Amino acid sequence: MAQPRICDTLVAHEKSNALEELEHVHPSNSSPIASESDPPDGGFWAWGTVFGCFLIQFCGFGYVSSFGVYQDFYTRIYLANQPPSAISWIGALNSFLADSVTLISGPLYDRGWFYQLMIVGSALQSISLFALSLAKPGQFYLIFIVQGILSGIGMGLTYGPCMAVISQHFSKRRTLVMSLVASGSPMGAVVHPIMLNHLLNGTIGFERGVRASASFVSALLLISCLSMRTRALSMSKPTTSYNAAVRKCSRDVFFILITAGSTIFQIGYYFPIFYLQLDSIKHGIDVHFSFYSLVMMNAACVVGRCTAGIIAAYTGALNFTIVSTLACSTLIICMIALSDVAGVVVLGLGYGYFSGVYVALMVPLVTVFTHDLSELGARFGICFAFTAFGGLLGGPISGALLSSQYRWWIASLFSGLIGFVGSSMFVVMRLMIYRRRKTEETLATHNALK
């Protein structure tokens, strides 16, 4: 069964809320390579697939974004014999695999293995969480394998295909539907931390608490697998090969700057996500309030993703990306001064909003600087593969700088400064565009005077 190539649709992961701008920039870019045999844009199974994909995102990246709860619990209680940098490798590797394994699930999806990928990926997620409940205090390597590796592979197998399958059912309303599906990630990042904090830090304990969380996630994944369906599509136009796209990207200065900027920025991006709750508790702020710090951040992230496309329509994707990355970097450095409830609220809401804007604008930013839309999906894959490496390194580096003495100012300063370095790449892009525009205007004026 022929299906649309995943490289053109997998990137809707948390970023698809910003796809409104794609249609504004390239109205014809619904699917550059597939003839969709009249997608129904509705119907029982179409909306059932949307619901199932929403649940995949809710249980996938929604759970990854909740690792701050585990980071806090492991550091203080369960893996107290390990430094924060070692513990943060669990969440960093989990997030990295969830992104990078799509390079494997993509070709398999193209060959018609959608259902197999959903079943195997969901099973791996479920098994990894139940296996995590069997880990005893101090068993770092067992936790690292089941939560960092096994769970990440499972999420990677389901993440890309569940976004790609949406294009089979919707054409005119695809942007709206992908936004609804992608909202599952921040919604999960609101629900899971509340549940995990009450389970892990309550009377239930780690073993039964993780088992309860695993049961909840497994039930939702089962429902999602039963809800999703595929449609047969006919391919009408070959896509640009990855080798050709890589060669073109290596000569595209703007694409290189976008990739470098997002990769470098990503190194500092995860510091508040992994450490805000722990930072709050270690500064003597009420434990019960600290448990909701990630919830506040993720709730603000939902607002940021929903409003990014609206505001960027007036400011431009690049300009708003510069503002969001500079704001995020500033707020990370401001974590040095965190000492009370007001600081947690301001930092949590502010960083949540601007980080949501940054994530939402990456898709339209890459699209604006893609001249040949047949290679758009390949460019997405290349860019976000590099970005995943930035996320992989960020948490452990920050944890190593934090050390067992909890030197918050060093880790905060490093993460903020590295964020500014990433932001500078986008600023360079803006200056290059301005200079090119002035040159073109000068040439046009000179030619008009001749």
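Reader: How much accessible surface does the protein have, and what share belongs to carbon and sulfur atoms?
Author: The accessible surface comes to about 17,300 Å². Carbon and sulfur atoms hold 69% of that. Areas come from the Shrake-Rupley method with a 1.4 Å probe. This is a predicted model, where local features need pLDDT of at least 70, side-chain atom pairs count only at pLDDT 80 or more, and totals for chains, interfaces and linings use all residues. Residues are numbered from 1 along each chain as its sequence is written, and side-chain values use heavy atoms, with hydrogens and water left out.

Reader: What share of the 450 residues is buried?
Author: Buried residues make up 60%. Buried means under 20% relative accessible area, with a 1.4 Å probe and protein chains only.

Reader: What makes up the secondary structure?
Author: The protein has 21 helices and two strands. These are DSSP runs: helices are H or I with at least four residues, strands E with at least two, numbered from the N terminus.

Reader: Why is helix 8 called roughly antiparallel to helix 13?
Author: The axes of helix 8 (residues 114-132) and helix 13 (residues 206-227) cross at roughly 170 degrees and come within 8 Å. Angles over 145 degrees count as roughly antiparallel. Therefore helix 8 is roughly antiparallel to helix 13.

Reader: Which residues make the contact?
Author: Contact means heavy atoms within 4.5 Å. Helix 8 contributes residues including Met118, Ser122 and Leu129. Helix 13 contributes residues including Val210, Arg211 and Leu221.

Reader: Where is Tyrosine 406 found, and what is its phi?
Author: Tyrosine 406 is in the loop between helix 20 (376-402) and helix 21 (408-449). Its phi is positive, about 55 degrees, although Tyrosine 406 is not a glycine. Most residues other than glycine have a negative phi.

Key: Buried means under 20% relative accessible area, exposed over 50%, partly exposed in between (1.4 Å probe, protein chains only). Axes are lines fitted to C-alpha atoms, for helices over the stretch in contact, and angles run from 0 to 180 degrees between N-to-C directions. Angles under 35 degrees count as roughly parallel, over 145 as roughly antiparallel, 65 to 115 as roughly perpendicular and the rest as oblique.
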